[in-house]
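Dear colleague,

I am handing over the structure we spoke about, and you will find it directly below. My notes on what was found in it follow.

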Amino acid sequence: MPLEKLSERIRGKQDAVGGESSRSTDPGVTDKMPVVPHKVLHTDIPFYTDEACTLQVPDARITILRPLDPDGFDELEVVPSRKHYQVGQYLNWMLSKENLWEENYYRNPETGQVEQAWSMHVEFVGEVISPQALEADRERIQQLETLYEKADTSTVM
């Protein structure tokens, strides 16, 4: 089954999977607002090939994303990337078949606990949504942020 169809089947969303080169660390910018923008929560997290977190994977880092799904599907995405993102940026969802990592681990930045990142994942190469596109869709972004802020506070209580 093609990767984009597998992900669509599992998560109910379609992945943009391209053969574009992910060599550049610049994620690029897009003026298109996706149906499900992804917000960068954590970035630049090292990941490892062993559960003891001693054998670090070179030239790639983990970025943790929150999909701002209008349907309320709230599962964080832990993705490998060679792109440089900043906390708070909004991204589209795009993967590259150029790199694949299997059986990797990382330290959760919120708990400090070692967790399995994934059993297999291709590289995330999402583009940053431009300030103009965010401004044009500001009301919807604010509504989605409010939806997820409420979800965060209801799970804390």
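What share of the contacts in the protein with a separation of 6 or more is accounted for by residues 24 or more positions apart? In this model, which is predicted, such residues account for 69% of those contacts. The protein has three helices and nine strands, and read along the sequence these follow the pattern α-β-β-β-β-β-β-β-β-β-α-α. Of its 157 residues, 42% count as buried, and the accessible surface comes to about 9,000 Å², with 50% of that area belonging to carbon and sulfur atoms.

I turn next to strands S7 and S8. Strand S7, residues 94-107, pairs with S8 in the antiparallel sense over nine bridges, and within this pairing Tyr 105 stands opposite Gln 116 of S8. The two strands form a hairpin with six residues between them, and in the turn Gly 112 has a positive phi of about 80°.

The nonpolar side chains deserve a paragraph of their own. In soluble globular proteins, nonpolar side chains tend to be buried together. Here the largest nonpolar core has 11 residues in all, among them Ile 45, Phe 47, Val 57, Ile 62, Trp 101, Tyr 106 and Trp 118, and at least two residues of this core are supplied by each of S4, S7 and S8. Ile 45, a member of that core, touches Arg 61, Ile 62, Ile 64, Tyr 106, Arg 107 and Pro 109, when residues up to four places away in sequence are not counted. A second, separate core of 10 residues includes Val 79, Tyr 85, Trp 93 and Val 122.

How many salt bridges does the structure hold? There are five, and I describe some of them here. In one of them, Lys 39 pairs with Glu 145, and the closest N and O atoms are 3.1 Å apart. Because Lys 39 lies in strand S3 and Glu 145 in helix H3 (residues 138-156), this pair ties together parts that are 106 residues apart in sequence. Glu 145 is itself buried, since its relative accessible area is 14%, below the 20% under which a residue counts as buried.

Another salt bridge joins Asp 44 and Arg 61, with the closest N and O atoms 3.0 Å apart. Asp 44 belongs to strand S3 and Arg 61 to strand S4, so the parts tied together by this pair are 17 residues apart in sequence. Both partners count as partly exposed, Asp 44 at 48% relative accessibility and Arg 61 at 29%.

A further salt bridge is formed by Glu 123 and Arg 82, whose closest N and O atoms are 3.9 Å apart. This pair links distant parts of the chain, given that Glu 123 is in strand S8 while Arg 82 is in the loop between strand S5 (77-81) and strand S6 (90-91), 41 residues away. Are these two residues buried or exposed? Glu 123 is buried, and so is Arg 82; for Glu 123 the relative accessibility is 0%.

Most residues other than glycine have a negative phi, and most peptide bonds are trans.

Leaving aside its neighbours within four places in sequence, Leu 55 is in contact with Phe 47, Tyr 48, Thr 49 and Asp 50. Its C-alpha atom is separated by 9.8 Å from that of Tyr 105, a residue 50 positions away along the chain, and Tyr 105 is the residue described above as standing opposite Gln 116.

With kind regards

Methods:
Residues are numbered from 1 along each chain as its sequence is written. This is a predicted model: local features need pLDDT of at least 70, side-chain atom pairs count only at pLDDT 80 or more; totals for chains, interfaces and linings use all residues. Side-chain values use heavy atoms; hydrogens and water are left out. Contact means heavy atoms within 4.5 Å. Buried means under 20% relative accessible area, exposed over 50%, partly exposed in between (1.4 Å probe, protein chains only). Two strands pair if DSSP finds at least two bridges between them. Helices (H or I, at least four residues) and strands (E, at least two) are DSSP runs, numbered from the N terminus. A salt bridge is a side-chain nitrogen of Lys or Arg within 4 Å of a carboxyl oxygen of Asp or Glu. Accessible areas come from the Shrake-Rupley method with a 1.4 Å probe; for residues, only the protein chains shown count as cover. A nonpolar core is a set of buried Ala, Val, Leu, Ile, Met, Phe, Trp, Tyr and Cys residues joined through side-chain atoms within 4.5 Å.
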